[in-house]
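This briefing concerns the salt bridges of a predicted model.

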Amino acid sequence: MNKMEIYNPLVLTSVIPLLGVLTLFLIPSTNVHLCRIVALWTACFTFLSSVSLWLQFDQGTSLFQFSKTYSWFSSLNFYYTIGIDGISLFFILLTAFLIVVCILVSWGSIQIHVKEYLICFLLLEFLLIQVFCVLDLFLFYIYFESVLIPMFLIIGIWGSRERKIRAAYQFFLYTLVGSLLMLVALLLIYFQTGTTDLQILWNTEFTESRQILLWLAFFASFAVKIPMIPFHIWLPEAHAEAPTAGSVILAGILLKMGGYGFLRFSLPMFPMATIYFTPLVYTLSLIAAIYASLTTLRQVDLKKIIAYSSVSHMGFVTIGIFTLNTQGVEGSILLMLSHGLVSSALFLCVGVLYDRHKTRIVKYYSGLSQVMPMFTVFFLFFTFANMGFPGTSSFIGEILVLIGAFQVNTLLTFFTAISMILGAAYSIWLFNRVSFGLLKLQYYSSFQDISRREFWILFPLVALTLWMGIYPNAFLNEIHFSVTSLLEQFSYTP
């Protein structure tokens with residue numbers, strides 16, 4: 001028995017959040033402080049365990065690592081198999097890190113049903129980690145859909161405004177209906193091949209007409225999750241009504257599940273259909289990148305501004321994925337990771353303002369640099385990171401996507417670059433509107449800069465954004481072999 005069989009860090013990372021959920025169930029709801037301590041330590045241990053995954057990860061291979069198979073439903077050829085490669089590694093790390101951030105940011109702001117709130121986040125963490133490490137299509141679908149339940153509760157119960165129930169139902173129904181076609185496709189695949197094992201399906205050839213049908217079914221599910229225009233209507237509403245921590249996890253991780261689904265399923269399983277529908281994806285992605293940027297300029301709610309900017313960035317990501325070359329795909333993965341950090345940080349900054357002044361309407365804010373200098377510095381940094389300023393993580397992702405797009409089509413690159421210019425326009429407009437000008441003392445009589453807790457939540461996000469922007473090889477080295485293997489498998493298929 002080797003060391004890997006005795007100690008598997010992936011199994012440990014998967015199990016810790018579930019143990020935290022079970023522990024919270026045993027704690028009385030009245031003991032709020034103990035519930036928070038248990039949830040925080042559980043999230044921290046999960047994050048440390050995920051870091052050990054990175055430290056032990058072998059970057060010189062594209063094979064799945066830390067694999068473990070459990071007999072689950074052997075009579076139907078179902079096995080519970082988990083494993084990670086360079087693509088899924090950093091999504092697990094990002095999930096574990098942002099859950100710690102979510103628990104810290106909610107420390108004092110959530111006062112009702114605190115135990116249930118923390119259970120929802122730890123359960124969400126368990127489900128998301130399973131989404132990124134499970135190697136079975138059927139189990140992926142189960143976890144992919146199960147994520148909706150705790151997120152639905154977080155928006156519907158702990159949302160900040162009156163429309164939260166409507167936003168929760170809109171989020172739930174949009175994403176659930178979009179995934180029903182994926183369930184039909186899953187059953188079709190199972191009845192044709194007799195298995196849902198991902199590694200077997202990667203080596204299974206489907207006819208071209210079958211690929212087109214299956215690709216469209218999977219696309220319907222993933223496009224809603226990203227979300228691509230015109231499937232994006234639920235996102236601004238969900239962000240506007242969710243609590244700050246809900247917006248952080250929604251922007252940081254849930255929007256990445258669609259992109260991850262494309263990389264893990266659509267490209268390797270349906271290569272001919274992927275090539276066939278690439279022009280459609282480019283068209284929808286460009287509309288998303290440009291239209292969402294223009295829409296952002298006319299929003300009045302701070303959260304909706306960041307939500308629409310997320311739609312624009314995700315359009316950038318899908319262009320990178322469907323360039324089908326190494327630079328484009330690696331750039332899209334880096335851009336997803338970067339967006340998870342930067343967009344989450346911007347929602348945290350908006351949360352800081354909302355906690356103090358109970359409004360997110362832009363017209364009420366002006367001249368905050370005079371009374372909240374530390375907040376303004378953080379807000380400036382993440383505004384520049386959001387528009388892809390050199391030295392930040394988004395710049396590396398965007399430049400790689402543009403290089404990949406240039407190899408495919410120069411006109412595509414030109415219109416993609418226009419969305420970057422528009423991104424700079426709304427980012428600078430927002431920062432200028434909030435930070436400079438005259439203080440609107442007719443609305444507020446007192447101001448408070450960020451607290452020590454808020455500083456130590458935002459500071460690691462600054463450090464990670466700079467690290468990824470200045471030394472991206474720390475991330476690209478792990479990603480490279482998995483992406484190369486994906487594209488080789490793709491190119492060898494007739």
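Arg 166 and Glu 237 form a salt bridge in which the closest N and O atoms are 3.6 Å apart. This pair connects distant parts of the chain, with Arg 166 in helix α8 (residues 164-193) and Glu 237 in helix α11 (residues 234-241), 71 residues apart. In total, the predicted model holds six salt bridges.

- Glu 237, by contrast, is buried, its relative accessible area being 9%.

- A salt bridge joins Arg 356 to Glu 454, and the closest N and O atoms are 2.8 Å apart.
- Distant parts of the chain are linked here as well: Arg 356 belongs to helix α16 (residues 326-357) and Glu 454 to helix α20 (residues 452-470), 98 residues apart.
- Glu 454 is buried, at a relative accessible area of 10%.

**The Arg 264 pair**
- Arg 264 forms a salt bridge with Asp 85, with 2.8 Å between the closest N and O atoms.
- Arg 264 lies in helix α13 (residues 256-269), while Asp 85 lies in the loop between β2 (78-84) and α4 (86-105), so the pair ties together parts that are 179 residues apart in sequence.
- Both Arg 264 and Asp 85 are buried.

Key:
Residues numbered from 1 in each chain as written. Predicted model: local features only at pLDDT ≥ 70, side-chain atom pairs only at ≥ 80, totals over all residues. Heavy atoms only, no water. Salt bridge = Lys/Arg side-chain N within 4 Å of Asp/Glu carboxyl O. Helix = DSSP H or I, 4+ residues; strand = E, 2+ residues; numbered from the N terminus. Buried < 20%, exposed > 50% of the residue type's maximum accessible area, 1.4 Å probe, protein only.
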